[in-house]
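Here is a short walk through one protein chain. Keep the structure in view as you read.

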Amino acid sequence: SPAFEQTDILFPSLQEARKITGEREPERIAEHFRRFFMKFFIIKLGADGYLHAAGLLIADEPTTAIDAI
C-alpha cells in the first residue's frame, strides 16, 4: 500500500497485522513491513508482549501482568 511508504510508526495488534499481510507468524509479519523502512513497527502480542522491528533489528519482549485498580 502506498500509505505504508509514508508511515513512520505502525502499532497494530497481531490480528490486525495478520489481516493486512496474510502472514501468521509475527516474525514473518515484521519481515513484510521491513521494506517500508518505518522508524517504529511494533506488533502487540497481548499477554505474550510485543515484537519490535526497526532497521535490521527484530526483537520480542515479554510483558508483566498487573491487576487493574
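This is a predicted model: local features need pLDDT of at least 70, side-chain atom pairs count only at pLDDT 80 or more; totals for chains, interfaces and linings use all residues.

The chain holds 3 helices and 4 strands. Read from the N terminus, the elements run α-β-α-α-β-β-β. The C-alpha trace spans about 40 × 20 × 20 Å along its principal axes. Of the 69 residues, 30% count as buried. The accessible surface comes to about 5,200 Å². Carbon and sulfur atoms make up 55% of that surface. The chain carries 8 positive and 11 negative charges, and their mean positions lie 6 Å apart.

Now turn to the strands. Strand E1 covers residues 9-10, and strand E2 covers residues 40-44. The two run parallel, joined by 2 bridges. Here Ile9 has Phe40 of E2 as its bridge partner. E2 also pairs with strand E3, residues 50-54. That pairing is antiparallel and has 4 bridges. Within it, Ile43 stands opposite Leu51 of E3. E2 and E3 form a hairpin with 5 residues between the strands. In this hairpin, Gly46 takes a positive phi near 60 degrees.

Contacts across the sequence can be counted too. Among contacts with a separation of 6 or more, 36% come from residues 24 or more positions apart.

Last, look at Thr7. Thr7 sits in the loop between helix H1, residues 2-5, and E1. Is Thr7 buried or exposed? Its relative accessibility is 18%, so Thr7 counts as buried, the cut-off being under 20%. A polar atom of the Thr7 side chain lies 2.8 Å from the backbone oxygen of Ala3.

Key
Residues are numbered from 1 along each chain as its sequence is written. Side-chain values use heavy atoms; hydrogens and water are left out. Two strands pair if DSSP finds at least two bridges between them. Buried means under 20% relative accessible area, exposed over 50%, partly exposed in between (1.4 Å probe, protein chains only). A polar contact is a pair of N or O atoms within 3.5 Å; within protein, one must be able to donate a hydrogen and the other to accept it, and residues adjacent in sequence count only if both atoms are side-chain atoms. Contact means heavy atoms within 4.5 Å. Accessible areas come from the Shrake-Rupley method with a 1.4 Å probe; for residues, only the protein chains shown count as cover. Lys and Arg count as positive and Asp and Glu as negative; His and the chain ends are not counted. The place of a charge is taken as NZ of Lys, CZ of Arg, CG of Asp or CD of Glu.
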